[in-house]
Protein chains: 4
Amino acid sequence: MIRVGIVGATGYGGAELIRLLVGHPQVQIANLYSSSAEGDALEKTFPHVSGLGLPNLSPIDAKSMSADNDVVFLATPAGVSAGLSPQLMELGGTKVIDLSGDFRLESGEAYRSWYKREPAPAEWVQKAVYGLTEWNQEQVAGASLVANPGCYPTATLLALIPMMRSGWVKPGSWIVDAKSGVSGAGRGMSLGVHYSEINESIHAYKVSKHQHTPEIEQELAKQSGVESFVQFTPHLVPMTRGILVTAYGQLEADVSQQQIQEMLEATYADKPFVRVRPAGSHPHTKEVLGSNYCDIAVHVDERTGRVILLSVIDNMVKGAAGQAIQNMNVMFQLPEKAGLPLVPVFP
Amino acid sequence: MIRVGIVGATGYGGAELIRLLVGHPQVQIANLYSSSAEGDALEKTFPHVSGLGLPNLSPIDAKSMSADNDVVFLATPAGVSAGLSPQLMELGGTKVIDLSGDFRLESGEAYRSWYKREPAPAEWVQKAVYGLTEWNQEQVAGASLVANPGCYPTATLLALIPMMRSGWVKPGSWIVDAKSGVSGAGRGMSLGVHYSEINESIHAYKVSKHQHTPEIEQELAKQSGVESFVQFTPHLVPMTRGILVTAYGQLEADVSQQQIQEMLEATYADKPFVRVRPAGSHPHTKEVLGSNYCDIAVHVDERTGRVILLSVIDNMVKGAAGQAIQNMNVMFQLPEKAGLPLVPVFP
Amino acid sequence: MIRVGIVGATGYGGAELIRLLVGHPQVQIANLYSSSAEGDALEKTFPHVSGLGLPNLSPIDAKSMSADNDVVFLATPAGVSAGLSPQLMELGGTKVIDLSGDFRLESGEAYRSWYKREPAPAEWVQKAVYGLTEWNQEQVAGASLVANPGCYPTATLLALIPMMRSGWVKPGSWIVDAKSGVSGAGRGMSLGVHYSEINESIHAYKVSKHQHTPEIEQELAKQSGVESFVQFTPHLVPMTRGILVTAYGQLEADVSQQQIQEMLEATYADKPFVRVRPAGSHPHTKEVLGSNYCDIAVHVDERTGRVILLSVIDNMVKGAAGQAIQNMNVMFQLPEKAGLPLVPVFP
Amino acid sequence: MIRVGIVGATGYGGAELIRLLVGHPQVQIANLYSSSAEGDALEKTFPHVSGLGLPNLSPIDAKSMSADNDVVFLATPAGVSAGLSPQLMELGGTKVIDLSGDFRLESGEAYRSWYKREPAPAEWVQKAVYGLTEWNQEQVAGASLVANPGCYPTATLLALIPMMRSGWVKPGSWIVDAKSGVSGAGRGMSLGVHYSEINESIHAYKVSKHQHTPEIEQELAKQSGVESFVQFTPHLVPMTRGILVTAYGQLEADVSQQQIQEMLEATYADKPFVRVRPAGSHPHTKEVLGSNYCDIAVHVDERTGRVILLSVIDNMVKGAAGQAIQNMNVMFQLPEKAGLPLVPVFP
């Protein structure tokens with residue numbers, strides 16, 4: 001059994017890792033870490049895990065963490081992993097899968113500019129592997145430190161990478177209009193997650209300023225060989241889970257909806273967690289809720305010469321904990337689907 | 001007192017007209033019409049109007065309708081007004097404000113192609129005035145037959161028309177990503193409005209095929225003098241009321257966010273129902289819920305050279321019944337704001 | 001014009017008072033007070049009131065408050081009014097309508113025990129009139145200080161008072177199972193109003209310990225002459241507005257559903273804001289949303305010998321700001337319905 | 001591998017059975033049956049199951065059903081199982097677990113009176129075992145035909161049975177105020193599940209007339225030896241999944257909250273799916289969402305002499321498909337928890 005440690009167990013990312021790992025046949029949840037509630041049983045924070053026999057919360061201590069786990073998941077706010085992960089790497093003994101954004105951006109300057117804080121040490125940023133499993137499986141398999149992708153970049157990149165590699169879409173033309181449930185904002189309190197403000201309402205936020213923008217641009221460039229801007233706009237939707245990305249690209253080639261469909265199907269034929277839905281369909285976020293799927297549908301508007309891609313994920317699963325476990329499976333040579341639920345919770 | 005008749009009183013559009021008109025100081029709700037429940041008290045269908053002393057439901061009959069009302073609102077499914085409005089016009093005696101799409105498209109061919117049904121008689125389509133009050137106030141004042149704008153076109157056009165008139169945005173570059181509450185689908189039953197399917201989920205629908213697309217293009221061309229395609233995508237959001245339009249345009253001129261802000265403020269300075277919000281803000285649909293406002297905010301992304309406009313309305317009010325009453329006020333030389341609530345229902 | 005001041009303008013209660021008072025024909029919103037944001041425009045806190053020309057926020061100062069207003073509404077947290085209202089009363093010059101619980105309980109000991117804080121001065125508690133308009137209209141008309149009822153007591157008492165006065169129900173048998181939207185918890189932040197925790201979930205809270213319990217018992221006793229316990233349980237429902245009370249009483253008399261129906265209809269025949277719905281019906285909270293109505297329906301279960309009353313209000317309107325304005329209308333000899341919307345926002 | 005057949009695969013009950021059974025290690029989903037869509041792939045109805053390799057939909061035919069399955073789940077509307085299950089029983093070869101109400105009521109007259117239709121043959125009703133697993137485990141183990149409990153009775157009985165067996169509560173005093181999400185109403189269309197009607201609203205329904213009332217009374221009597229009425233009121237809450245039961249009983253004995261707590265903990269000590277939460281806590285339905293748990297909390301109000309029990313389940317899992325699989329596990333001597341998720345989906 002692989003001994004797993006989870007840092008940030010009292011947050012939503014931690015809770016979701018626990019949900020999935022409890023059912024994982026090759027894993028033992030060995031340690032839960034929290035800076036805020038050490039010594040406590042987790043069920044004081046999260047009654048839904050009552051009766052599971054989980055370990056009590058331990059304080060964050062790099063030395064014991066590296067000794068007591070085969071892999072540590074960091075489900076922590078920006079900045080924590082930048083300090084902790086290098087310590088764990090230098091101590092050795094455990095692999096690290098970081099769910100925060102601290103090791104995703106290769107450029108320290110970009111991190112500073114978009115995250116408004118100091119980046120992690122460049123040496124470790126370079127060694128980290130970007131864990132978009134479907135596109136980096138080989139590197140992930142050999143990684144000690146995985147930067148797990150952000151929720152928006154996951155839904156966006158799985159749809160855009162094959163399109164950009166095809167050469168059919170004009171670079172710089174992508175407009176990514178993304179819609180997310182509230183759980184992505186975490187368990188911290190703010191007026192932005194107050195029920196009475198969010199319910200029965202929708203709004204955009206951080207227009208042209210969201211820190212997932214450079215992550216999308218970086219990985220799109222790496223996978224396609226073409227650098228370009230992506231216009232990215234997130235919205236907050238009155239629901240708890242789910243992301244829908246509606247992405248618009250200007251077609252440069254004379255290519256039909258059916259050709260794109262076939263290209264996407266071929267691209268993801270052997271990827272168990274990407275489902276290319278029938279051309280012209282409209283995936284609902286609920287159709288992947290609770291699961292690790294990313295469902296993608298393609299539309300071509302012949303009138304305007306644009307391709308419109310629809311991509312849905314559960315932000316807590318494929319957008320966070322599920323993909324992290326998928327990466328763990330790859331790192332430990334386990335079956336890619338181990339421990340990951342195969343049927344969404346519907347309705 | 002103006003005698004008002006409402007056709008389609010058992011639908012959501014009819015209910016919203018009643019809500020607003022009951023409080024209108026110069027109006028008497030003289031007649032309610034319904035094809036499905038004639039003779040009944042409306043409170044059998046809508047208990048929320050109990051005790052208001054409304055007239056019972058009458059059958060739809062052009063002759064008595066033209067005799068018994070000064071103005072008739074048609075809140076009816078596509079196709080009804082195409083037959084009924086010409087009869088009422090020919091009988092004379094009453095003005096007509098049509099909330100359906102039957103008289104909005106000048107081209108019968110476009111109507112046939114997007115609505116998949118036969119258009120209204122061309123003669124009356126030509127005489128109808130498109131009731132986007134802020135831009136057609138003079139024509140509305142003299143109209144007998146007003147085609148009240150669709151909900152999506154209202155939110156879209158109020159944001160896009162001034163931009164297109166400015167000449168700052170590249171024609172054909174507009175991408176309009178719209179998000180709507182469920183009430184826009186009406187009270188009819190379908191899996192598409194089933195609570196368990198819609199709650200905790202978001203999805204796009206009718207990608208590249210929504211019948212409000214040609215309406216947007218037609219009016220944008222008329223007001224700006226430039227014909228061009230608009231990429232329009234509607235989404236269904238788990239909420240009852242509200243539309244948010246996120247519109248992306250490619251800037252051709254070297255224009256700042258502040259210049260666009262000032263242009264918008266100047267454009268709508270004397271329009272009581274358009275509120276240009278501070279540059280860079282993010283309006284929530286809930287901030288206009290229950291009111292006739294359209295709130296607009298502008299963002300310029302200097303990195304990508306795009307302008308992003310955010311526009312929110314309550315689809316039942318400014319997107320339907322409220323704008324219809326605003327048009328009635330103009331047609332009958334009443335104060336434009338008469339009977340229209342000035343403060344949104346928040347939270 | 002009556003000059004109105006609102007204390008707590010940056011909370012939900014304040015916002016709702018503004019919504020309703022802006023449309024009130026005999027009222028001028030003269031002053032808005034806030035301890036937290038003085039000098040600011042309210043639209044910095046509440047963008048939905050942009051463009052209304054409201055006065056800026058003033059600091060809380062009893063002297064100027066008493067001089068500058070004919071009536072002051074206190075929409076403030078527990079404890080504020082206990083200090084401020086006596087000052088205003090002693091200065092004279094303005095009437096006070098207190099939306100908090102500070103002057104509702106006649107027994108200081110009960111206040112101390114249920115609210116866990118010191119009660120207001122007994123002298124002023126005695127002079128305050130409990131503003132359940134339908135049952136205390138005469139006293140309200142002569143009052144200088146009105147204790148506006150709590151949201152749960154309003155929905156409960158309007159259903160229970162006539163039943164207890166009838167003598168048909170066994171004292172002490174009432175079980176009041178109440179369900180509320182989240183806005184009742186105010187705008188302050190806590191995990192208890194976090195969207196991701198509340199959405200798609202329901203739970204009871206403060207079972208047997210809610211501070212509205214003694215308020216219900218006190219007024220029920222005063223109006224019926226019979227002292228008894230009421231079992232009161234509140235629940236939090238994933239919606240913003242609305243309260244549904246389901247009240248169970250053991251019938252002692254051999255009385256039919258129809259007899260109770262007639263008694264209720266007679267009781268409220270001339271009360272414009274209580275609608276007795278047809279016997280056996282099931283009111284939805286949405287059928288009163290945004291309005292000042294309390295809709296009541298009666299069921300008699302002959303099998304078990306119990307009466308079940310269903311009572312719905314909008315907690316922000318009849319449960320707070322609307323009833324406060326109703327009381328103001330009575331205090332200033334205005335029409336009882338002035339400024340209060342007559343048609344709920346549906347859907 | 002146990003060969004499982006599911007009748008009603010295009011409904012929500014069927015979908016939930018599939019979700020859980022796909023992950024069951026000892027089960028093969030051998031056949032899916034539907035009267036409405038035979039021959040089709042299920043993903044045409046439910047895109048969320050795309051790519052699972054499920055069998056296509058077969059027509060309902062008793063002969064092949066009995067030959068091709070070891071157990072058949074009936075997730076069908078009232079009346080279907082009454083006809084089909086006796087055929088399957090007589091053919092032999094397969095066990096049946098009926099999720100509908102057709103075999104739950106022992107009295108044909110009661111069925112006729114509450115369900116308004118003809119009961120199943122008395123012979124088979126007598127042979128059916130009521131599958132409240134925690135209380136009937138032995139009988140379930142030997143059963144060929146299991147009547148799987150209703151969602152409301154499950155949440156209610158697990159809380160009430162131990163209380164009634166204790167003799168501490170006055171018979172006939174139980175008031176069960178239940179709150180349910182919308183999925184319990186199934187996938188059929190009606191105004192009662194229309195999003196715009198249900199969202200942001202709560203209401204009671206079928207007051208004193210719900211068909212789960214006699215089921216609760218029957219089983220409570222059987223398990224406690226005392227016949228008595230239960231006052232049962234269901235409510236529809238704007239959420240998809242979850243039931244909360246708030247049950248009020250009059251204490252006859254001088255018993256403390258702590259004593260009841262200990263009794264409940266002892267009763268369910270070895271039952272993996274009942275979690276007795278700390279005394280005085282307030283379980284949220286979301287804390288069991290997606291799981292087979294029933295979480296119960298006890299409150300004693302010493303002021304009124306009542307016990308208040310709070311009981312939460314996911315109506316689709318412990319209230320339907322999950323308990324059905326728990327029964328299957330017992331019938332086939334599998335571990336009771338096999339295939340049932342152990343961690344709720346939170347948030």
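**A note on the domain interface in chain A**

1. About 1,200 Å² is buried between domain 1 of chain A and domain 2 of chain A, and carbon and sulfur atoms give 52% of that area. Buried area here is the accessible area (1.4 Å probe) that two parts lose on being put together, summed over both. On the domain 1 side, Y12(A), R104(A) and W114(A) lose the most area to domain 2, together 49% of what that side buries.

2. A word on conventions: this is a predicted model, in which local features need pLDDT of at least 70, side-chain atom pairs count only at pLDDT 80 or more, and totals for chains, interfaces and linings use all residues. Residues are numbered from 1 along each chain as its sequence is written, chains are lettered from A in the order in which they are written, and side-chain values use heavy atoms, with hydrogens and water left out.

3. Domain 1 of chain A covers 2-127 and domain 2 covers 152-315, with bounds from an automatic or database domain assignment. Their C-alpha centres lie 27 Å apart. In contact (heavy atoms within 4.5 Å) are 11 residues of domain 1 and 15 residues of domain 2.

4. Three salt bridges are counted between the two domains, taking a side-chain nitrogen of Lys or Arg within 4 Å of a carboxyl oxygen of Asp or Glu. Helices α1 (12-22) and α4 (108-115) of chain A each supply at least two residues of the domain 1 side that touches domain 2; helices are DSSP runs (H or I, at least four residues), numbered from the N terminus. The largest share of that side, three residues, comes from α1(A).
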